[in-house]
Amino acid sequence: MITAGMLSPYRVLDLTDDRGHLAGLLFAQLGAEVILVEPPGGNRSRLAGDPGHDVYDRGKASVTLHDPALLGHLAAGADILVECGAIDVDLAALRAANPALITASITPFGQDGPKAGWAATDLIVAAASGTMSVTGDADRAPVRISEPMTWHYAAADAVSGALIALHERQRSGLGQHVDVSAQQSFLTATQFTMMNALVGNPSPHRTAGGVQLGPLRVQFVYECADGHVTVTFLFGPMIGRYTERLWRWIQEEGRCGPDLGEKNWIDFAMQVFDGVESPDELDRATEVLADFLRTKTKAELFDAALHRNLLIAPVTTTRDVLDMAQLAERGYWDRVGGRRMVGPFVRADDAPLRRLDDPPPPLGADTARLAAEPRRRPALAPPGVAAPPGVAPHEASGAAGADPRPLAGVKVLDFMWALAGPGGSRTLADFGATVVRVESQSRPDVLRAVNPFRGPEGDQEGSFQWHSLNAGKYGLSLDLNTPEAREVVFDLVRWADVVTESFSPGAMAAWGFDEASLRALNPELIFFSSSLMGQSGPLRNYAGFGTMAAAIAGFYPVTGWPDRIPAGPFTAFTDYISPRFTVAAVLAALDRRRRTGQGLRLDLAQLEGSLHLLGRALWVDELTGTSAVRHGNEDPAMAPHNVYAGAGDDRWLAVACETDEQWRRLVGVLGRPDLAALTLEQRQARRGELDELLAAWSAGRDPERAQRELQAAGVPAHQVQDSAACVADPQFVHRRMFPEVPHAAYGTTWVEGCPFTLSRTNWEVRWGGPTFNQHLEEVLSGMLGYDGERIAELVIAGALE
């Protein structure tokens, strides 16, 4: 029995394989007792000898289901069950037998809607999600990330959903079901560009190692003297200052003249749109920058980024990551047999996450012990049943007020900015938390100026990214340089359960909002910090965006074609997964506080959390010394497994055969029964020939019709969806992926929906991201009780922007 950790009272049954085993690992790190439930011969990860089994099935007990009744016995006393289709299970019957049980299902498209039963692999989900349409080289087929990602995104969402349901269970005493769509989970890795079609904007096109912004092709990945680096060469009031510092350095080195070294890069993009500057000027500057970078090593450029405050990051390999001093100094790595494996996804000072330093258990090692144990009660009993000793009983039903949403009553003071941080607090708001978003009108959030826009280009109240990431939050604009505004913050701290922030380390302390000061005001406060590298270590002050963390974490070398530069995943990749870790950490800390009355400091480094998605690749490098590389769309365990051009301009069809049966069904559709007996090894040896066969079949067909024909035959296939296809996708429509919600400036706007649903207390978006000071009265009067005179004093003092 696990006795330490934020989730130590709870038992989790893990019925997943590679399509969800990250979920069990995260629960184990948080201190839950996790039981890996496998078929008699073991799950497919174990059977295949997949190194991912070594990484993700640590910290778990192992049970095999030789006796089907054993699952019912275990589920009767469990708190959470996570499954992905690896084991046939009647979840409704298990919940009927244990009304407190929370179940979570990870499926490719969700459990309802027209595509609910469609067959899929990682490639197929990536194609359906929209991410592949913006990943890779413009002159080649769209490409997936060579290390599978989609199931990890969905697994992290399953953890978030289950912990939201667990929080609600303290009020109702009842469990419920969490339904996770991997397609929806991975759509969040497109940074809202799949919403372009909602306002008539064209679908973005893939640009290897860069991004297309209207007429501007912005390059991020460059060659340097000993490899590659990423440079965030962008414009605007927030990022343009970094760009200007970069060009001043290049001028100092004599590699450019004042025409570039002293250019107004802050306003450059708007000057292009206004016709003052030409897109050709960016192309010329890109060539000059590329020539300059070739004269420097990765280390020299990274050192300059640290000392000159530039947005430059080295493109690291898995070996570089393993040897990174930042991770070593923070004590990140778990040690299994003396070798390094991914460690805790978040640091919790007074309740550290479990160290999982033992390998996964042998198959069925705990079957006899757990089959013989007395029936366990869930850690929170249903109404009318006494709670187990040592566990606080659930609150009276309705204690959180009339709001039925699962996080009603949770109060969050949100200082998050940009993308990674606000995405987490947005999920909390979706499920009922009261989130007060503090911002500054004089230094607006960078995403207020980023496409796509609901209205005119550049309108700070019109960005879809702002609307989505801050939907359902209360907006308050303060000038924190004034003492009066800081007093408002102190009152909000006394009001709050959680403070979240994602500034560079030290920024909150500069305003007097360091953890010690705020905990003195509110000793039970959960203080959550999110940053690229964490609050300690030699790189703690390295500031930037998810594009840079993705490069440093090792995602670039595993994305693209082996004969081309690393394409990298689409823009700020670590920003997209980090919100899941935020939600899990905050809710686990709140659960611990409910039992202990103690607050907690949480330190989330994007780097450390996101490395869980590369855990398998890092472990292989640690064992063999072989760094992970990119393979285009090939997969070592599947053939065929590729993307084929269809009828129309830049329209593509993804097809994958995971089993021999799927291959036999595919050749039936192709009219080639003579190939049905080919084994996987034979198909891999004839990969080129089979790709030509499929390319010829796909060439004259509409990809949308072709996907339906193949799916009807049981073959995993899907068109590569762009923005227009995503918006029209009947599965996304059915599952409310782009709900239209009220907005103060535009009447209505669209936001991205939540990738998972709860069966009893589902998510709800009440409004789009707030306009400046939209909720001043609600916050100051309604939440803090200020009268009109006090508010007038704040206006006179300039505290309200």
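Gly-130 follows helix 6 and has a positive phi, near 100°. Helices (DSSP runs of H or I, at least four residues) and strands (DSSP runs of E, at least two) are numbered from the N terminus. Buried means under 20% relative accessible area, exposed over 50%, and partly exposed in between, with a 1.4 Å probe and protein chains only.

This is a predicted model: local features need pLDDT of at least 70, side-chain atom pairs count only at pLDDT 80 or more, and totals for chains, interfaces and linings use all residues. Residues are numbered from 1 along each chain as its sequence is written, and side-chain values use heavy atoms, with hydrogens and water left out.

**Buried elements**

- The buried residues of helix 6 are Asp-122, Leu-123, Ile-124, Val-125, Ala-126, Ala-127, Ala-128 and Ser-129.
- Strand 1 (residues 11–15) is mostly covered, with 5 of its 5 residues buried.
- In a regular strand, side chains alternate between the two faces of the sheet.
- From strand 1, Arg-11, Leu-13 and Leu-15 point one way, while Val-12 and Asp-14 point the other way; all are buried.
- Strand 1 and strand 2 (residues 33–38) run parallel and are joined by 4 bridges. Strands pair if DSSP finds at least two bridges between them.
- Opposite Leu-13 stands Ile-35 of strand 2.

**Nonpolar cores**

- A nonpolar core is a set of buried Ala, Val, Leu, Ile, Met, Phe, Trp, Tyr and Cys residues joined through side-chain atoms within 4.5 Å.
- The largest nonpolar core has 192 residues, of which Phe-27 and Phe-573 touch the most other members.
- Phe-27 touches Leu-7, Val-12, Ala-32, Val-34, Ile-80, Val-82, Val-159, Ala-162 and Leu-163, not counting residues up to four places away in sequence. Contact here means heavy atoms within 4.5 Å.
- A second, separate core of 31 residues includes Leu-476, Val-493, Met-508 and Phe-513.

**Cavities**

- On a 1 Å grid over the protein atoms alone, a cavity is a set of points where a 1.4 Å probe fits but cannot get out. A pocket is an open set with protein on both sides within 12 Å along at least five of seven lines. Lining residues have an atom within 4 Å of a point.
- Grid points are joined across faces, edges and corners, and a volume is the space filled by probe spheres set on the points.
- The structure holds 5 cavities of 30 Å³ or more.
- The largest cavity has a volume of about 330 Å³.
- Its lining has 21 residues, of which Thr-188, Gly-423, Thr-427, Arg-580 and Glu-752 lie nearest the centre of the largest cavity.
- Helix 7 (150–172), helix 17 (420–430), helix 18 (464–469) and helix 23 (573–596) are the elements that give two or more residues to this lining. Helix 23 gives the most, with 5 residues.
- The lining of the largest cavity has 9 nonpolar, 6 polar and 6 charged residues. Ala, Val, Leu, Ile, Met, Phe, Trp, Tyr, Cys and Pro count as nonpolar, Asp, Glu, Lys and Arg as charged, and the others, Gly among them, as polar.
- The second largest cavity holds about 110 Å³ of space.
- It is lined by 17 residues, and Thr-131, Thr-135, Arg-144, Ile-145 and Phe-186 are the closest to its centre.
- The lining of the second largest cavity divides into 11 nonpolar, 3 polar and 3 charged residues.

**Largest pocket**

- About 1,300 Å³ of space lies in the largest pocket.
- Of its 48 lining residues, Leu-213, Leu-234, Ala-449, Val-450 and Asn-451 are the closest to the centre.
- Strand 7 (210–213), helix 9 (236–252) and helix 11 (268–273) each give two or more residues to this lining. Helix 9 gives the most, with 4 residues.
- By class, the pocket lining has 27 nonpolar, 16 polar and 5 charged residues.

**Backbone features**

- Asn-451 and Pro-452 are joined by a cis peptide bond, with omega about -5°. Pro-452 lies in the loop between strand 16 (434–439) and helix 18.
- Another cis peptide bond joins Ala-639 and Pro-640, with omega about -5°. Pro-640 is in the loop between helix 25 (615–624) and strand 21 (641–645).
- Ala-418, a residue other than glycine, has a positive phi near 60°. Its place is the loop between strand 15 (411–415) and helix 17. Ala-418 counts as buried, at 11% relative accessibility.
- Arg-736 is not a glycine, yet its phi is positive, about 55°. Arg-736 lies in the loop between helix 31 (730–734) and strand 24 (740–743). Its relative accessible area is 38%, so Arg-736 is partly exposed.
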